[in-house]
Amino acid sequence: MDEKPQVRSWWGWGWEDRALGDETCRGLGALIPGLPDDPLPVPQVADLDLPPPRMAAPRSLARFCAADPDDRASHAQGKAYRDVVRALHGNIATPPDFVAHPTDEDDVVALVDWASDAGVAVVPYGGGSSVVGGVECDGEGYRGVVSLDLTSMDAVLEIDQTSRAARIQAGALGPVLEDQLRRHDLTLRHFPQSFEFSTLGGWLATRAGGHYATLHTHIDDFVESIRAVTPVGVSESWRLPGSGAGPSPDRMLLGSEGILGVITEAWMRLQQRPRHKASTSVTFGGPSASTDAMGAVRAISQSGINPANCRLLDPGEAALSGAAHGGEWVLVLGVESAHHPVDAALAELIELASDHGGVASAPTIESRGEEADGVVGRDRAAEAWRSTFLQMPYQRDGMARMSAVVETFETATTWDRVAELYDSVMVELAEVITAVCGSPGLVNCRFTHVYPDGAAPYFTVIAAGRRGSELAMWDEIKAASMEILVRHRATVTHHHAVGRVHRQGYDRQRPEPFAAALRAAKAAVDPAGILNPGVLIEPRGEPA
């Protein structure tokens with residue numbers, strides 16, 4: 001009997017069949033005093049009062065365009081908490097007028113050329129997993145809005161085994177991409193939390209952070225060449241292992257969030273699939289646990305060992321994930337290699353952590369190959385964290401149905417400022433949450449990526465909301481968190497992109513001469529200002 005294909009949720013994270021049921025939502029809600037007894041119902045597209053399309057696709061493009069309510073609703077916004085709450089309340093006010101599903105680059109060129117002439121805004125849409133308002137557009141000042149969904153362009157077009165690289169279409173979702181590379185025993189090995197539901201083009205356009213906690217932390221590190229469609233022509237950089245020839249054309253597109261061109265394909269550096277892995281967890285307790293744990297992570301990041309995984313969980317995050325329950329800090333460590341056993345490297349990491357008071361659990365050793373194929377041991381804390389990591393977005397949606405306020409934000413700063421930033425967020429944001437929500441709520445943190453000169457703390461907020469006022473409360477907490485980051489000169493985003501949500505902080509972070517140059521670049525490659533207006537810089541016609 002054939003299994004029914006999984007269906008993406010139009011309103012929330014991931015797969016429809018993995019969304020939490022009503023009873024599970026009630027159980028989560030009971031953990032936060034002051035929430036309603038029952039969850040909001042799961043919204044249905046048929047119940048939405050979508051505004052009618054202002055325009056239809058021209059006949060020349062109609063074969064790959066659609067304007068049915070399901071397509072329009074599912075492409076109206078991303079998957080942030082604010083998007084989920086708006087959908088739960090049936091507030092889909094600005095859906096695209098139609099959705100384009102091109103099957104090749106010629107389709108993209110035809111759409112962009114038409115839209116540029118017609119004054120229609122085009123919003124590039126990868127997997128739709130944006131949590132910063134990166135794929136929505138109100139269309140003000142434009143004849144209409146088109147969502148450009150590239151997921152039909154998802155092939156690995158060419159593999160260069162000699163250079164170990166591949167030419168890949170930008171619409172390839174993470175699993176689709178890895179399935180094609182696996183038959184060649186190769187991998188891109190870029191695994192953001194959104195891996196299942198995000199695309200190569202989206203990773204490039206947002207400078208996504210991925211699997212590696214050290215060294216190859218961002219998608220930038222794997223780029224050889226990028227090809228993109230702009231209203232003034234197609235841009236493609238040369239394939240090179242490195243170059244000192246002026247500013248990099250790839251750097252202009254990395255992080256451009258769709259305002260400078262539609263990325264259609266890229267040559268990406270690949271790796272052999274790892275055959276040896278080892279992991280463990282290390283706990284830090286006592287009155288100096290935070291100082292000890294951060295000191296251990298700093299020593300590890302500066303050691304040159306470059307573990308694949310080096311995630312530090314504070315006591316709240318450790319308890320939330322089930323990694324620990326006694327107020328300890330927990331460090332999850334992992335090393336991997338395609339070529340040699342990694343037991344010795346893990347032992348060195350454990351020694352560094354032990355020098356700072358850490359207590360390591362028994363390591364998990366994995367290997368595969370002609371003579372070895374198996375797993376020795378399982379680290380409970382590490383496994384608990386990994387499981388929670390993948391399930392957390394679904395739990396967030398369940399909490400949103402109970403009208404809890406849930407926010408996550410990530411940042412990065414240098415080691416000399418990390419502890420002070422952490423303390424400021426934990427104290428100051430808790431005060432804001434109490435003022436806004438009437439109770440302290442939860443503020444947790446984990447370090448997702450670490451560098452020799454700094455770390456990337458990732459904060460999670462869960463608090464009691466008032467039904468009908470969730471977004472206003474979220475807005476206040478979000479604004480306060482952004483203010484703390486800017487005051488500490490910590491980045492307003494480490495890997496979630498800018499979008500529309502982080503614009504205020506981004507405008508303060510970037511130098512003004514660079515902002516002027518970005519505006520000029522936008523005017524040069526997109527004279528009509530149709531590409532994702534309102535992201536990174538002001539929409540067409542608005543003052544700087």
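Predicted model: local features only at pLDDT ≥ 70, side-chain atom pairs only at ≥ 80, totals over all residues.
Residues are numbered from 1 along each chain as its sequence is written, and side-chain values use heavy atoms, with hydrogens and water left out.

The two strands belong to an open sheet of 5 strands with antiparallel pairing, in the order β5-β6-β10-β8-β9, where strands (E, at least two residues) and helices (H or I, at least four) are DSSP runs numbered from the N terminus, and pairing requires at least two DSSP bridges between two strands. The edge strands, β5 (156-160) and β9 (233-236), each pair on one side only. From one strand to the next, the twist averages 10°, with axes fitted as lines to C-alpha atoms, for helices over the stretch in contact, and angles running from 0 to 180 degrees between N-to-C directions.

Strand β10 (residues 262-269) also pairs with β8 (residues 223-230), in the antiparallel sense and over 6 bridges. Within β10, W267 is the bridge partner of S225 and is likewise the bridge partner of R167, whereas I263 is the bridge partner of A228. Of the 8 residues of β10, 7 are buried, that is, under 20% relative accessible area with a 1.4 Å probe and protein chains only.

Helix α4 (residues 105-118) packs on this sheet and touches β8, β9 and β10, contact meaning heavy atoms within 4.5 Å; the direction of α4 makes about 45° with that of β8.

Conventions:
Buried < 20%, exposed > 50% of the residue type's maximum accessible area, 1.4 Å probe, protein only.
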